[in-house]
Amino acid sequence: MDGARGHFSRNKNQYFLLALLMLLIAGMSLMAPGKFLTVRNFKNMGFQMAEFGILAIGMSVAIMTGGINLSLVNSAMLSAIAGAFLMRGMNEAGGIPDLVIIASGIAVVMVVSILCGMINGYFVAYVGVASLLVTLGTQTVFNGVSLNITRGSGISGFPELFQRIGAGSVLNIPYTMLIYVAAILAAWYLVERTPWGVSVYMVGGNEKATRFSGINTKAVLMKVYVFSAVMAGVAGVLMVSRYNSARADYGSSYTLQAVAATVLGGTDINGGSGHILGTVTAVCILQVVSSGFNIIGINRNITDVVTGFILVAVLTINYFAARERRHKKA
Amino acid sequence: MKKVLSLVLLLSLVLCVAASAETIVVMPKLVGIPYFNASQVGAEAAGKELGIDVIYTGPTEGDAAQQVQMIEDLLIRGIDCLAIAPNDPDAVSPVLQKCKEANVLVVDWDTTAKGGDVKYSIHQIDDKAYGEFIWDKLVEAMGTDSGEYAIVTGYLTAANLNTWIKYGEDYAATKYPNLKLVTDPVPSDESAQEAYTQTLALLAAYPDLKGIIGISTPAPIGAAMAIQEKGLQDKVAVVGSSMPTDSAPYLKDGSLDFGILWDPGMLGKLTVYVAHDELNGVKIENGMEIPGVGKITLLDDGKTIIMGPPSVWTKDNVDQFKF
């Protein structure tokens, strides 16, 4: 372990990211005067950011163990489609109160998500296949099942009340933001304040040594993939509410972007270190760039180039900072 | 220090009223296919003629979720009207509600949208007449009204395509009872390449296939490519909604028999004119004349506007059209 000096330089990364975020907000505000720095825009970004942010958190925890969860978005949509089918069926049957329909739908989404997570967890933890391979396989399976069930089209026909989850707000704060903040707090607490969280870092650092030290690494990993899947389920509910329909291909670009947000936030791709809050800041950075450029009117493709540039720049700076840390110790 | 800075930034939020030229957003299902490139030309030309700001923008794929996000960001920018051709009418219904709350006029064009308060639905043609016309042309091209046929469509959720298919199938059920549809409409996701692949699959699975209808502009082209490759011009008839310049080579060699469409540039122009008139209090009436478009029809529901009758491209007339 790095000890005090390591902890400080890890936090230096976090301050650097925050400063970068502030800089980008200031920059966007200057380039779109009177439009970016408004309550309306921040509220709008709050609506959009939540579903991606929650997925990114789910991805981060998997990466912290030295693994990855490529099936994240596909399990979100599969569970969302299952819930959507139920809600549509109950809505068409008539006579069932809206709240019951919505609650049942959400319950189904979470149950199916957890099942997907357990499938991943079983193969990674108990069978011992590399997570990259397992989740690559499950990604294809979940996607295939989704497409088969929906035949490529969208499922809709939910009670109108359901849209309120994705569209409603209280005191100008979108419900989706509140759910996102709750997810952040839960993740932060579980990962950085519980024994399970410590084991997550340890497994990411050196799985064998962790196992020999008496920790049940299989249980730890299973919980990681279930947690990841729970995040996916929540994101799935938000997406279905915002788009008022469930389709197999919603959010397909989110998978790799979630990995990008994770590493941008300071998590080592090999596992063993990282902060939930780092991922959250990175998600904010990506959102600010995307919304800002849309408002200014810049081509979508340039947005991708700039995002990639920021990612490479931050990773390079992190690399050199880590090297300097190692030299100072020696 | 940084915490104070961020607090200050957040506390100094100011609501701003954007006073600018009249801004109409025309959003297609996706950008980059010839049909929607042609509508862009018409829409932007209308903008220049009227002296207003026309923003023609859309997602790079037929992705309903991307459309929603773009509309949300455009609302921040401040617009007067949104004219949308949605990929999935259900997916945009929540965001059209947001448009309504922001007092943005919403009209749909090319295909219908749900939700919010869509003031006008701008259709290029009468849906029922169009669907039936395509099926009539299929039978004409097949040379017989009995035989197997298949449908290649765009996205399965596109409302306009599904409407035409439904009218066509209903019509065929009574008028052409011996016409047999071999399977459900096959999606090609607005890609000629995909339509080509799907047509090859259909030809392999149904060797007695006599006709193919391509609905959505890249589909008949893709189907014709497959027919041309297999040399089945005389065995299988292909008709569909395709653009004349794309259709020309296939019409000439017989792999495409009829292209049945309208002028999408005119549709773009009509959309902007209708939006502009509505924003400026000009009443839209049945039979009124729109510059560059002609006389339009307003149906009794007060909402649906029909541009005109369909046009047919054949190997004899296709060279007259430049879009």
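**Ground rules**

I number residues from 1 along each chain as its sequence is written, and I letter chains from A and number ligands from 1 in the order in which they are written. Since the model is predicted, local features need pLDDT of at least 70 and side-chain atom pairs count only at pLDDT 80 or more, while totals for chains, interfaces and linings use all residues.

**Entry 1: chain B as a whole**

I began with chain B and found ten helices and 16 strands. Helices (H or I, at least four residues) and strands (E, at least two) are DSSP runs, numbered from the N terminus. The radius of gyration of chain B, taken over C-alpha atoms, is 22 Å, close to the 20 Å that the globule rule gives for 323 residues, so chain B is as compact as a globular protein of that length. That rule is 2.2 Å times the number of residues to the power 0.38. Along the principal axes, the C-alpha atoms of chain B fill a box of roughly 75 × 50 × 35 Å.

I also looked up burial: 52% of the 323 residues in chain B are buried. A residue is buried if 20 or more other C-beta atoms lie within 10 Å of its own, exposed if 12 or fewer, and partly exposed in between, with C-beta atoms placed from the backbone. Of the contacts in chain B between residues at least 6 apart in sequence, 71% join residues at least 24 apart. Here a contact means that the C-beta atoms of two residues, placed from the backbone, lie within 7 Å.

**Entry 2: a sheet in chain B**

Next I traced an open sheet of seven strands in chain B, with the order β2-β1-β3-β4-β5-β15-β14 and mixed pairing. Its edges are β2 (53-56) and β14 (297-298) of chain B, each with a single partner strand, so one side of each is left without a neighbour in the sheet. Two strands pair if DSSP finds at least two bridges between them.

I then followed some of the pairs. Strand β3 (residues 81-84) of chain B runs parallel to β4(B) over four bridges, and B:Leu82 has B:Val106 in β4(B) as its bridge partner. Strand β4 (residues 105-109) of chain B in turn pairs with β5 (residues 118-123) of chain B, parallel over four bridges; there B:Val107 stands opposite B:Tyr120. Three bridges join β5(B) in the parallel sense to β15 (residues 304-306) of chain B, with B:His123 opposite B:Ile306.

**Entry 3: where the chains touch**

How many residues does each chain give to the contact? I found 27 from chain B and 33 from chain A. On the side of chain B, the elements that give two or more residues are α1 (2-11), α3 (64-77) and α4 (93-101). The most come from α3(B), with nine residues. By class, this side has 16 nonpolar, five polar and six charged residues. I count Ala, Val, Leu, Ile, Met, Phe, Trp, Tyr, Cys and Pro as nonpolar, Asp, Glu, Lys and Arg as charged, and the others, Gly among them, as polar.

**Entry 4: helix α7 of chain A**

In chain A I followed helix α7 (residues 175-193), whose axis comes within 9 Å of that of helix α12 (residues 276-296) and crosses it at roughly 150°. Axes are lines fitted to C-alpha atoms, for helices over the stretch in contact, and angles run from 0 to 180 degrees between N-to-C directions. Among the residues of α7(A) that meet α12(A) are A:Ile184 and A:Trp188. The contact has seven nonpolar, no polar and one charged residues.

The axes of α7(A) and helix α10 (residues 217-243) of chain A come within 11 Å and cross at roughly 175°. That makes α7(A) roughly antiparallel to α10(A), a label for angles over 145 degrees. Here A:Thr176, A:Ile179 and A:Ala183 meet A:Met231, A:Val234 and A:Leu238.

**Entry 5: single residues**

Is A:Gly46 buried or exposed? A:Gly46 counts as buried, with 21 C-beta neighbours inside 10 Å, and lies in helix α2 (residues 39-64) of chain A. Leaving out residues up to four places away in sequence, A:Gly46 touches A:Ile173, A:Pro174, A:Thr176 and A:Met177.

B:Asp189 sits in the loop between β8 (186-187) and α7 (192-205) of chain B and is buried, with 20 other C-beta atoms within 10 Å.

Methods. Angles under 35 degrees count as roughly parallel, over 145 as roughly antiparallel, 65 to 115 as roughly perpendicular and the rest as oblique.
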